[in-house]
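Subject: Structure for you to look at, with notes

Dear colleague,

I am handing over the structure below, and my notes on it follow. Please read them with the chain open beside you.

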Amino acid sequence: MERGTSRMRRIGQRWPKWQPGRRVAKAVGIAEKCRRNSAVVALFKTFSNQMLTSQQSLAAMRMLSNRSDRSTPMLDRLTPKAQPDIRVRLERRLGRRYAQQRLGIEQEHEGQIFGGGINFFHIENWYSIHSLIKFALKTSGLYSRGARNAADIRVRHHHIRHPLVPKAFRAFTILQVSDLHCDTSMLAIQRLREILPTLKYDLCVLTGDYRGRTYGSCDATLAVLKQIRAELSGPIYAVLGNHDTVLMAPPMEEMGISILFNESVIIERGDERIYLAGIDDAHFYRVDNIEKAACKIPHNAFSILLSHTPEVYQQAAHAGFSVMLSGHTHGGQICLPGGVAIKLNAVLPRRMGKGAWKHDSMLGYTSVGIGTSAVNVRFNCRPEVTLHHLEPAD
Ligand SMILES: [Fe+2]
């Protein structure tokens, strides 16, 4: 590094009018200044060592995240009246140990750009790049078209044919709504509220990402979620996504939305039953526990796993789940013609990035979701609500 630096400086001095050389010399000068910044040094170490355990690296990531409210404990961001209440409600719901662990992990990693999740780089937490993308789309005249596309929701029908579906569950319909990003996708939410009363289904599942941002207040999200809840009927089960805070769980459950924290429930029809399980966020906070979610499900029973991200498809398949329903990827959100995603923000085969797929004997479906993340646009990737129709395979 030292040798390369001085060599580039010599080139700049020898040919002062050689433009590329001057640019490189200038870049080297900037790099030298940066190297004196301890935050970047620590981050450089992280990149070169591929290790995330050193305290110095974590501190550097926090400094670079530039989040003013990061140092404020999560519970302190609530109103003084709500603070003791929410902790008590969380502990009552999750147990003291899990509530404490979940809050601690969230406080530690919330809004982090590098590290922490299944993938290393989290573009959803890099807010300055979102503004840059928005600016580029606006100057190129594409933004308004993308914003219109983002509200153009379609209803998709998906048939799940599986030998373990009990006969009583023939034509049982599950409505899946994913990635609402309630407070930042207002036009899509408005359209969704028009569509929901027209749909017929037996059960509704929400597969995470209710909040627009990945940190801060969830009041606006909960207010919009309450309006959406009013348009839904029947039992509603949900899991949290990487944009959500565990602090949303008690108010959501008060609305009648049951959140599955590595848990399962029985769905009965006549004398027969199927099992529905859900895991906590596996993508960013990595608080999923598939074994715990599956432990009360009998062998050879028809079971559905809700996971915000499909990235844990292998663990789900080997735990014996019949079906896995996910969201998270937004189908790429900004896609090339033909629906080819530029980036899925997930570590998984691209064929699993949207729609139906299969792994071993497990059937999977990744919804492209309703809302948007980073920039409120979609290209070549229409938002969707999904109706899954169960059918016994003979
Ligand atoms: Fe999302």
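Strand β9 and strand β13 (residues 362–366) pair in the parallel sense over four bridges, where helices (H or I, at least four residues) and strands (E, at least two) are DSSP runs numbered from the N terminus, and two strands pair if DSSP finds at least two bridges between them. Within this pairing, M324 has G364 of β13 as its bridge partner. Residues are numbered from 1 along each chain as its sequence is written.

On its other pairing, β9 is joined by three bridges to strand β8 (residues 303–306), and these two strands run parallel. I304 has V323 of β9 as its bridge partner, and L306 stands opposite L325. Strand β9 itself (residues 323–326) is covered on both faces, since V323 and L325 on one side and M324 and S326 on the other are all buried; a residue is buried if 20 or more other C-beta atoms lie within 10 Å of its own, exposed if 12 or fewer, and partly exposed in between, with C-beta atoms placed from the backbone. In a regular strand the side chains alternate between the two faces of the sheet. Together with helix α13 (residues 313–318), β8 and β9 make a right-handed β-α-β unit, right-handed meaning that, with the strands pointing away from the viewer, the path from the first strand over the helix to the second runs clockwise.

The loop between β8 and α13 contains T309, which counts as buried because it has 29 C-beta neighbours inside 10 Å. Leaving aside neighbours within four places in sequence, T309 is in contact with A282, H283, S326, H328 and A346, two residues being in contact if their C-beta atoms, placed from the backbone, lie within 7 Å. The C-alpha atoms of T309 and G241 are separated by 7.6 Å, although the two residues are 68 apart along the chain.

Strand β8 is also joined to β7 by four bridges, again with the strands running parallel, and A277 stands opposite L305 in that pairing. Strand β7 (residues 272–278) is mostly covered, with five of its seven residues buried. With β6 it pairs in the antiparallel sense over seven bridges, and I266 stands opposite Y275 there. The hairpin of β6 and β7 has two residues between the strands, and G270 takes a positive phi near 60 degrees in it.

These strands belong to an open sheet of six, in the order β6-β7-β8-β9-β13-β12, with mixed pairing. Strands β6 (263–269) and β12 (355–359) stand at the edges, each with a single partner strand, so one side of each is left without a neighbour in the sheet. Neighbouring strands of this sheet are turned by 20 degrees against each other on average, direction ignored; the axes are lines fitted to C-alpha atoms, for helices over the stretch in contact, and angles run from 0 to 180 degrees between N-to-C directions.

Another open sheet of six strands has the order β1-β14-β2-β3-β4-β5, and its pairing is mixed. Its edges are β1 (154–162) and β5 (257–259), each with a single partner strand, so one side of each is left without a neighbour in the sheet. The twist averages 25 degrees from one strand to the next. Within this sheet, strand β3 (residues 203–207) and strand β4 (residues 236–239) run parallel and are joined by four bridges, with V205 opposite Y237.

As for the chain as a whole, it has 13 helices and 14 strands, and buried residues make up 40% of its 394 residues.

Some caution is needed over confidence. The mean pLDDT of the chain is 84, and 77% of its residues reach 70 or more, pLDDT being the predictor's confidence in each residue, from 0 to 100. Over residues 1–5 the pLDDT is below 50, and beyond near neighbours in sequence this stretch has two contacts in the model. The pLDDT is also below 50 over residues 33–69, a stretch with 35 contacts in the model beyond near neighbours in sequence. Where pLDDT is low, the predicted coordinates should not be read in detail.

With best wishes

Methods:
This is a predicted model: local features need pLDDT of at least 70, side-chain atom pairs count only at pLDDT 80 or more; totals for chains, interfaces and linings use all residues.
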